[in-house]
Amino acid sequence: MASAAAPAAQSAPPSLSLPPSQFARLQPHAYLLAHLSPPATSNQPSIRANGRAPSQFRITSANTGSLTHTNGSAVVRVGDTTAVCGVRAELLPTEDIASWSVSRSAAATTNKRRKLTDPTQKLTEEIGDESDLDADADDQSHIEDLNLLVPNLSLSTGCAPGFIPGAPPSSLAQSLSHQILALLHTTRLVRAEDLRVWYQPPNLGAEDLERHNESEQMDVDAEEAGEKDKEIKAFWVLYIDVMIVSLAGNPFDAAWASVLAALRDTKLPRAWWDIDNEMVVCSDAVSESHKLTLRGMPVASSFCVFEADAAAGWRAVIIPDAEEERQIEESNRKGVQRRWILADPDGYEEGLTQERACIVVDKKQGGKGKLVIVKMEKNGGWALDSEELRKLVDISAKRWEDVRQVIGQC
Amino acid sequence: MVGPTTSLTPLSRADGSASYQCPATGANILGSVNAPIELPGRRDALKPEDATVEVFIKPGTAPGGVGERYVEGIIKSMLGRLVLGREKSYARRGIVVTLAIVGGESKPRGDSYLTVLPALLQTSLLALLSASVPLSMTFSATVLGVNTLGEIIREPAPTDAAAATSLHVLAFSSKGHLLLNESRGSFDFDTWERIRQRALTICHGTLSGSPDGDVAMVEDVDGQPLEGVVRETVEDKYHQDYAWKIDAA
Amino acid sequence: MSSPLILLPGDSVPSEYLPSSNSSAPLRLGPGLRLLSQPPSSSSSKTSTGHVLAATQSGILTTDPKRNAVSLLSTPNRRYVPTSNDLVIAQVHHSSPDYFHCLITPQTPQVVLGQLSFEGATKKTRPMLKQGDLVYARVLSTGLGAGAEVELTCVNPATGRAEPGGLGPLTGGMVFDVSTGMAARLMRASSSSAENQESVDGLVVLDELGKKLEKVGGFEIAVGRNGKVWVDCANGGDSAIKATVAIGRCLSAIDEHTLSLADQKKLVTRVLREMKIET
């Protein structure tokens, strides 16, 4: 063995060049930098190590309804990041809600207050879906107070190196769960009306009166003359479980897209109050089930900032103040670039960057309306300021069109 | 506008500590910093030449949940860029920031935490200063809400925040960079630019550039700029601690 | 310096505050300051040298023209972190064949003190310290990396002899806790012989106590940088304990409230009168 190996080594002197895959592992920062800033003579465009242009997103695909035992489900792939989302609906009878009678009377009073401020609100109502923005303002509190939407995200074992079995939910998984919940609440994506099971008692006169005497909210109910007989008997609670099957960077965009696609796919069976059995019963006829009508279609786009000088944060160089920063940026426009804003970072790029931005945008009236920013976050650095963020919002608007097509097709 | 109440080093056992009360949002935070300390179970393969910043948030009335993990992540990544973790005796060590929300109402599940975030950030900065952790610069943070009429409300109270169409938390470094932005609600970019301008004024005051390039802080409707509050808190503490030295000289 | 310059991290040191560089010695930078170079692409060419001094911590800027040094006085009352050559008061926790394991600060790992690192100690003559005994020692090394042990010594390792300063076991007396900032002040005040020093550190309490307590036989004091002060009035006879407690009270009162020199003298008189100690 040894004698056989020796002549081979002599004939081919050890090469000092490394194959790209090893260079990428040993000097990740230099590897990505070399891709982004090719020598001027080589006449190559500046591309990322994964072959994408800086503002290019990965190929996104979506598939809905693959999980048959759920009310709605979706699989979304963004490059190698894959998120599976399933929505299960369960009935929550109002009898089981401890504070139901109390919260209902509270809701009625807020409703009244809102109606007083109506004229002022009309002035600024170009933003939302006008009519329901006002009418549903108080029932939105049902979703938030009663926790009718319960998202949970788990990073499954082995979705990326370092996720070992049996470990408690990582802080990344916890904060992603929180982000999804907060975004569901701020976008008010699901209408509370879709989640209610109403009961309209037959007009029996005497019995109706009796019920009112029993309950203490007679005065409240009397105010709302039209709806006084109608009663909410139960709510649907949506358990939205997201599982990141494969994690290659940017989990939030994929997770949110899967939640969106799964909710669009969700069908709730027709449910009604059965007065004889005193319980809510559901119909098993598919034709009677109804889909959720979502408000808008917010789409998330994430970005990261790659700095040419990895050590800028700690090396003994003064951090230029914001004004100087702008001048440097101007003068560098033609010359050497210092930083790149990378859209939809993969896992390799996320490991090399600190500054992150996430923008969620929506367009009303199916894409013809005005662009609305629903959430805009930036953190971990000082490269992104208003000018850069404005560009990112434009990129996010383009991304919105792409994702709408992808989700709309399935 | 009533400014925040601050105190530096109220705790004697921690390396550094601070308390911060914002009367407008009702936030009352007590923060402590221990640094540099040895972290147990630290994987040395992870950034061997740098210090690790850990942030813990203790809510006032409930056990911590996913919301706290999220805010911890935000604060951690922001402080991580400002702390000079490679200074002498900091490499491989940990900087542990613990922020306790004193009292207050319990947050509903999925609450955005945005109204308390600036107070948490300011407290962590003061505590880091009190612990003499090397930093590249300081910062100041504020929260702004936009109500249904399109007016900007500075540091909205919880009820105003609930009624606002959008909420924005911005942090600016002492050199004027936008360090952090967290915006929720529905708004357009022009609204955000207005918000940014107002937040910059709140943090740094109205900038009046004098010929020699110095930037003076001028008080206006927003009262004392937050940057000045931090500086004043630190200066007061030093005057108190070194009174024997300053008076004698 | 009527109004001291207080810097925050990121502030640059104005050049007029730097000591005039007529001496040939290079400028020395204390902790919390660093020399930064301007980024080469910076368009502003206000500073011709391209270098700036900037603070990385908050603190009062102090300059020492004699040593051509500039440093930053930061928060004085911090948790004690052992650094080599600090004098500390340690308490023995337990002993092992080679070492005494001691505590210098609460809730921190124990530090070690060699059984033989006392003056003239051999296997036979080494001091037999029990749990709870006090030792006045110098920090020999702090070690590097995680889990490193701090080692103390009571002798100069080069000569094998005790250094002036009375290192070794402390018998009798009593220990008082003060803040680390106060401990540093006390050490500076007691180590300086000249009178002018007391105005700099603003402490007159020890001199005053020394004068007043001559009648009860004087007292011994050892100050540890870890915020501990050991006091003993071995010759005091009946009033020894009273005098010890009085000294401790004076020190903690000055630590808590910032007192001027005149107030410190008043405090000493008042405490001694309250304790009914004859002066």
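1. In strand β8 of chain B, S166(B), H168(B), L170(B) and F172(B) point one way, L167(B), V169(B), A171(B) and S173(B) point the other way, and all are buried. A residue is buried if 20 or more other C-beta atoms lie within 10 Å of its own, exposed if 12 or fewer, and partly exposed in between, with C-beta atoms placed from the backbone. The strand covers residues 166–173 and is mostly covered, eight of its eight residues being buried. Helices (H or I, at least four residues) and strands (E, at least two) are DSSP runs, numbered from the N terminus.

2. The model is predicted: local features need pLDDT of at least 70, side-chain atom pairs count only at pLDDT 80 or more, and totals for chains, interfaces and linings use all residues. Residues are numbered from 1 along each chain as its sequence is written, while chains are lettered from A and ligands numbered from 1 in the order in which they are written.

3. Strand β8(B) pairs with strand β6 (residues 139–146) of chain B in the antiparallel sense over eight bridges; two strands pair if DSSP finds at least two bridges between them. G145(B) stands opposite L167(B) in this pairing. β8(B) also pairs with β9(B), again antiparallel, over seven bridges, and there L167(B) stands opposite R184(B). β8(B) and β9(B) form a hairpin with four residues between them, and G176(B) in the turn has a positive phi of about 90°.

4. Five bridges join it to strand β14 (residues 371–379) of chain A, and the two run antiparallel. The bridge partner of K378(A) in β9(B) is N181(B).

5. The contact of chains B and A takes 41 residues from chain B and 43 residues from chain A; two residues are in contact if their C-beta atoms, placed from the backbone, lie within 7 Å. On the side of chain B, the elements that give two or more residues are α1, β9 (178–187) and α4 (189–204). The largest share, ten residues, comes from β9(B). The residues of this side divide into 14 nonpolar, 17 polar and ten charged. Ala, Val, Leu, Ile, Met, Phe, Trp, Tyr, Cys and Pro count as nonpolar, Asp, Glu, Lys and Arg as charged, and the others, Gly among them, as polar.

6. How do helix α8 (residues 171–187) of chain A and helix α1 (residues 66–82) of chain B cross, and at roughly what angle? Their axes come within 8 Å and cross at roughly 105°, which makes α8(A) roughly perpendicular to α1(B). Angles under 35 degrees count as roughly parallel, over 145 as roughly antiparallel, 65 to 115 as roughly perpendicular and the rest as oblique. Axes are lines fitted to C-alpha atoms, for helices over the stretch in contact, and angles run from 0 to 180 degrees between N-to-C directions. Residues making the contact include H178(A) of α8(A) and Y70(B) of α1(B). By class, this contact has two nonpolar, eight polar and one charged residues.

7. The contact of chains C and B takes 25 residues from chain C and 30 residues from chain B. The residues on the side of chain C divide into ten nonpolar, 13 polar and two charged.

8. In chain C, three strands form an open sheet in the order β13-β15-β14, with antiparallel pairing. β13 (174–177) and β14 (220–224) stand at the edges, each with a single partner strand, so one side of each is left without a neighbour in the sheet.
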